[in-house]
Amino acid sequence: MASASPASLPSRAATPILFALALGGFAIGTSEFAMMGLMPNLVRAFGVSEPDVGHLISSYALGVVVGAPLLAILGARLPRRTLLLALMGFYAVGNLASALAPNYMAMLVARFVAGLPHGAYFGTAVLVAASISRPDQRGTAVSRVLLGLSIAILVGNPLATWLGQLSSWRWTFALVAAIALITVVLVARFLAPDPVAPGQSPMRELRAFNRSQVWLALAIGAIGFAGMFCVFSYLAPTLIEVTGVAETWIPVALAAFGVGAIIGNVAGGWLFDRLQFRAAAVILAWSLLVLLLFPLAAQATWSILPAVVALGTMGALAPVLQTRLMDVAGDAQTLAAASNHAAFNTANALGPWLGGLAISAGLGWTSTGWVGAATATAGLVIYAWARRDERRQPVPSAG
């Protein structure tokens, strides 16, 4: 039988719920980033090129962008526990379909389907995490849910690559499906049915979503966060062509990025609990410094790994913006929280595209740092705009 109802639970009761929600995040993060390490396996399996495998990554991201607002709206009337169970069950099906895909086109569709519940799951999970935590610890609770995603970068991605090399890439997605089903069992076990009756009206969420503070917070994520993806996407060739290290350094650099992501995730929740929305400005300013220094750090072996760790810490912006959206979304809580992940996936598309333009223009691999610095600066401008707008009108509370 489930434990107490989700309303500011004591730590002993909240911990297993947060663990279950974070495990779902681990499954999602492992599946999302697995393609990078499994690219050679998929090239051989389907007889396609590396850019074709890149389209599988884009297909998943498109699923996130489409599915985050759509499933949040469709699930608005459902209690959050029911919605979480349905979304993680859906994720298990999408990854099982990926594991069984007979050809490239089937895999393309399966990856799109797998991406659909990504944003809505995280959006709902962080709302549950905040609801069972003390008001002054919401940022920390949100960061604990997102910690599963950070650990996936550090552990899940190398594990997926190793499993694909040892046996078959199909077992990677089968394993993700199994973890998703375990998450369903744990959420059903530890999270009590919400005694408050069903959720919001979809139309009410849509009306409440149309607020400038919501859109400005999403814009900070979509633009201000693009710099991290800009540099990270071209990290491997930068290591080889600029730093001059062997390919064996690439997994080490990925692990360094994962360490930074975990540090940033924890720091982001801690900063928000102390600075509230001002934490976004602190993190964007830090990101600007990291990105400006990256072209210099990439020149030497001794400095590149600390720079990659610092790059990973930029992920501190995720829990800050996720918690900020809870404060400004009013009655559009589920839709806004889910849309935050659509915004970050927009950054995931925008950053590499801008970096690719700079590299194609002959500016070199390290030009990604300068491009990323420009997007971080744009994020600071949007933050200033949001603060000015906030002074003109009060922030609504959730109804």
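Start your tour at Ile-262, which sits in helix H12; helices here are DSSP runs of H or I with at least four residues, strands are E runs of at least two, and both are numbered from the N terminus. This is a predicted model, where local features need pLDDT of at least 70, side-chain atom pairs count only at pLDDT 80 or more, and totals for chains, interfaces and linings use all residues. Residues are numbered from 1 along each chain as its sequence is written, and side-chain values use heavy atoms, with hydrogens and water left out.

**Stop 1: Ile-262**

Is Ile-262 buried, exposed or partly exposed? With a relative accessible area of 22%, Ile-262 is partly exposed (buried is under 20%, exposed is over 50% and partly exposed is in between, using a 1.4 Å probe and protein chains only). Now show what touches Ile-262, leaving aside neighbours within four places in sequence: you'll find Leu-147, Ser-150, Ile-151 and Leu-154. Contact means heavy atoms within 4.5 Å. Then select Thr-313, which is 51 residues away from Ile-262 along the chain, with the two C-alpha atoms separated by 7.3 Å.

**Stop 2: H12 against H14**

Select residues 249-275 for H12 and 301-313 for H14; their axes come within 6 Å and cross at roughly 40 degrees. The axes are lines fitted to C-alpha atoms, for helices over the stretch in contact, and angles run from 0 to 180 degrees between N-to-C directions. That angle makes H12 oblique to H14. For the wording, under 35 degrees is roughly parallel, over 145 is roughly antiparallel, 65 to 115 is roughly perpendicular, and the rest is oblique.

H12 passes H14 in a right-handed crossing (right-handed if the near helix is turned clockwise from the far one by less than a right angle, left-handed if anticlockwise).

**Stop 3**

Next, click on Gln-276, in the loop between H12 and helix H13 (278-297). Gln-276 has a positive phi of about 55 degrees although it is not a glycine. Its relative accessible area is 35%, so Gln-276 is partly exposed.

**Stop 4**

Jump to Thr-172, in helix H7. At 2% relative accessibility, Thr-172 counts as buried. Apart from neighbours within four places in sequence, Thr-172 is in contact with Ala-34, Leu-38, Ala-160, Leu-163 and Gly-164.

Now bring up H6 (residues 138-166) alongside H7 (residues 169-190): they pack at an angle of about 135 degrees, with axes 6 Å apart. That makes H6 oblique to H7. The contact uses Leu-159, Ala-160, Leu-163 and Gly-164 of H6, plus Trp-169, Trp-171, Thr-172 and Leu-175 of H7. These contact residues of H6 and H7 divide into 6 nonpolar, 2 polar and no charged.

**Stop 5**

Select H3 (residues 80-100) and H4 (residues 104-115), whose axes come within 8 Å and cross at roughly 165 degrees. H3 and H4 are therefore roughly antiparallel, and H3 passes H4 in a left-handed crossing. Residues to highlight in the contact include Phe-90 and Tyr-91 of H3 and Met-107 and Arg-111 of H4. The contact residues of H3 and H4 divide into 7 nonpolar, 3 polar and 1 charged.

The C-alpha atoms of Ala-61 and Arg-111 are separated by 8.7 Å, although the two residues are 50 apart along the chain. Ala-61 counts as buried, at 16% relative accessibility.

**Stop 6: His-118**

Move on to His-118 in helix H5 (residues 118-131). His-118 is buried, with a relative accessible area of 2%. Leaving out neighbours within four places in sequence, its contacts are Ile-28, Glu-32, Tyr-60, Val-64, His-341 and Asn-345.

**Zoom out**

How many helices and strands does the chain have? The secondary structure comes to 17 helices and 0 strands. Of the 399 residues, 56% count as buried.

Conventions: Ala, Val, Leu, Ile, Met, Phe, Trp, Tyr, Cys and Pro count as nonpolar, Asp, Glu, Lys and Arg as charged, and the others, Gly among them, as polar.
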